[in-house]
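Subject: The structure we talked about

Hi there,

Here is the structure I promised to pass on. Have a look at it first, and then read on for my notes.

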Amino acid sequence: MQNIKDTKLGSTEFPSGIRVDHDPDDLWGDSRFVVNIGPTHPAMHGALRMVAKLNGETIESSYCEMGYTHRAKEKLGENRTYHQFIVYTDRLNYCSSLMNNVGYALAVEKLMGIEVPERCVWIRMIVSEIARVIDHLVCIGINAVDLGAFSYFLYGYHQREEAYTIIEKLCGARLTTSYTRIGGLMQDAPEGFEREVKAWVAKTRTVLDEMDRLLTGNKIWQMRTVGVTPFNKEQCLQYSYSGPNARAAGLDIDLRRDQPYLYYKNVEFDVPVCQNGDTFDRYLVRVHEIRQSLNIIAQCADRMKKGPIWSEDKRVRIPDKDVVHNTMEGLIYHFKFFMTGFDVPAGEAYTAIEASNGELAFYIVSKGGPKAHRMRIRGPSVWHYQGISPMVKGWKIADLIGALGSVNVIAGELDR
Amino acid sequence: MDVRTLIPTNGGEAIKKFGEGWRKQLATLQAKFSGDLGNVLFPGEAATDFPIVYVSLAKVIELLSFLKTEPGFEYDFLADLTATDEEQAPRFEVVYNLFSTVHKNRIRVKVKVSEGEEVPTAVSVWPGANWAEREVYDMFGVKFLGHPDLRRILMDYRFEGHPLRKDFPLRGYQIFTEPQVIDPKLLD
């Protein structure tokens, strides 16, 4: 009698090089089943949903769904004045809301041709970089938690809280900052801001070194991440990957260097680039980017001087409170500003900034008047999330969790 | 002052840096696609920050692949794909924002589409255009010819209407109580 174990039912080879033999004794080996991961699964980083067809533990094919946190921001952008839309930008990438604020303010200022004073630009740079550090700390921390390294996450989270204390002093809010205004800032930085920022930078540097020693060389971490779920340079270009995820694969683009906005031309920083594009490289690029961001913050804090924070342009200037409360014209102007809004001349502009996840852009089409004709938000997460399915094809389901954490898909800017 | 004002802190230096190159590129495009190019808007002259090239519906994919691969152009990065509702005939404009990772400059390609017309899909040029085109279909109802998987992406698959059209009402409800089912065809 023929031994059933000798029966060859064939095998499947996946692009990752993993080979699955179809063993008749193995209950799972030749049976495919469908797993619905998310949208409310704790490892899915927000309301993301993925449907995966598994062969054993290997993902044979999958598709992603999005739209669970869709709040019609682009429609709101067409029906709110430019000033009223600032608060909606907080809720895009909620890990780095300050940077969204800055990007939006730059977009409208570009349409109106407004230049803001020096101090305002330096403060905007500092808050952008603080937001980038926070975002990266959360990303690598949560990624490590997903793969089982919990204490690592607490180191980063402590520094994140310290940063939020600074941000709270700056604008009174932690997450929903709404700090920038068109042509200026909500308020000037408080007394001693530079000193506090520099102290935080010094502390974060030491903590980051500690974190680096704790995890980067860790054997378990490396076995879980090195060479796992790579996305090479060619694929990054095909799927429009940008930011740290693209740089991890050797695609050397950084808008801070390539299309300098704010004063990035005047500060010194390096752009870390890795080659393999796997989960480990995406982690490593972020660790090195935090170091560079800390350098930028220190340079900005050194060069920041006292001065005005508002643009001279009268179209966008919010009237001072004592004028509003003590003169009739001021009160009328105050109401006109907030109820009717200011007119933006006709034109269109695509303003991209290097946000923590990649290219965050506002494509605003104005036909004149206080509301936009089209307010397109290009969030990097949409394009990153689209690449997840081809990325994890042929990898284990546990690697999917690592890949998703390292790509850092944020549901807020994914669904808009 | 408007978008024509050059501001150094705002990326407005692009015209100084790339102006000459853009003029050369546009001249090449005019020579190659003469009959199929519509308006060409240049930053500084028109109210835009990057050059806008209007192209006919039939030639859009040819133009995009030319821009992507031709030496000297190399707009190899599809930064964004979206649409606008112009409220006049032709009703929609599909907008491709391209970025060159080699030369670090940008260009914008636009196609005018009337209601009911189909735009050839850009998935063959950039596979990543897939979801962006689905979003345009979802939000504006512009269909893409030859798209591998043209479903709604942000809204529910039973949703009626296209929310970013200007005539879509701002208030109203569409309530679905049944959950969305898994489509086995998508997993083949």
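A word on terms before the notes: I say that two elements are in contact when they have heavy atoms within 4.5 Å. Axes are lines fitted to C-alpha atoms, for helices over the stretch in contact, and angles run from 0 to 180 degrees between N-to-C directions. Helices (H or I, at least four residues) and strands (E, at least two) are DSSP runs, numbered from the N terminus.

Please keep in mind that this is a predicted model, in which local features need pLDDT of at least 70 and side-chain atom pairs count only at pLDDT 80 or more, while totals for chains, interfaces and linings use all residues. Residues are numbered from 1 along each chain as its sequence is written, chains are lettered from A and ligands numbered from 1 in the order in which they are written, and side-chain values use heavy atoms, with hydrogens and water left out.

Chain B first. It has three helices and seven strands, and along the sequence they follow the pattern α-β-β-α-β-β-β-β-α-β. Five strands make an open sheet in the order 1-2-5-4-3, with mixed pairing (two strands pair if DSSP finds at least two bridges between them). At its edges are strand 1 (37-41) and strand 3 (77-85) of chain B, each pairing on one side only. From one strand to the next, the twist averages 20°.

Within chain B, strand 4 (residues 92-99) and strand 5 (residues 106-113) run antiparallel and are joined by eight bridges. B:Phe92 stands opposite B:Val113 of strand 5.

Two helices lie across strands of chain B. Helix 3 (residues 129-140) of chain B lies across strand 3 and strand 4, at about 10° to strand 3.

Buried residues (under 20% relative accessible area, with exposed over 50% and partly exposed in between, using a 1.4 Å probe and protein chains only) make up 55% of the 188 residues in chain B.

Now to chain A. Strand 9 (residues 359-366) and strand 10 (residues 374-378) of chain A pair in the antiparallel sense over five bridges, and A:Phe362 stands opposite A:Ile377. Five of the five residues in strand 10 of chain A are buried. A:Arg374, A:Arg376 and A:Arg378 point one way from this strand, and A:Met375 and A:Ile377 the other way.

Happy browsing!
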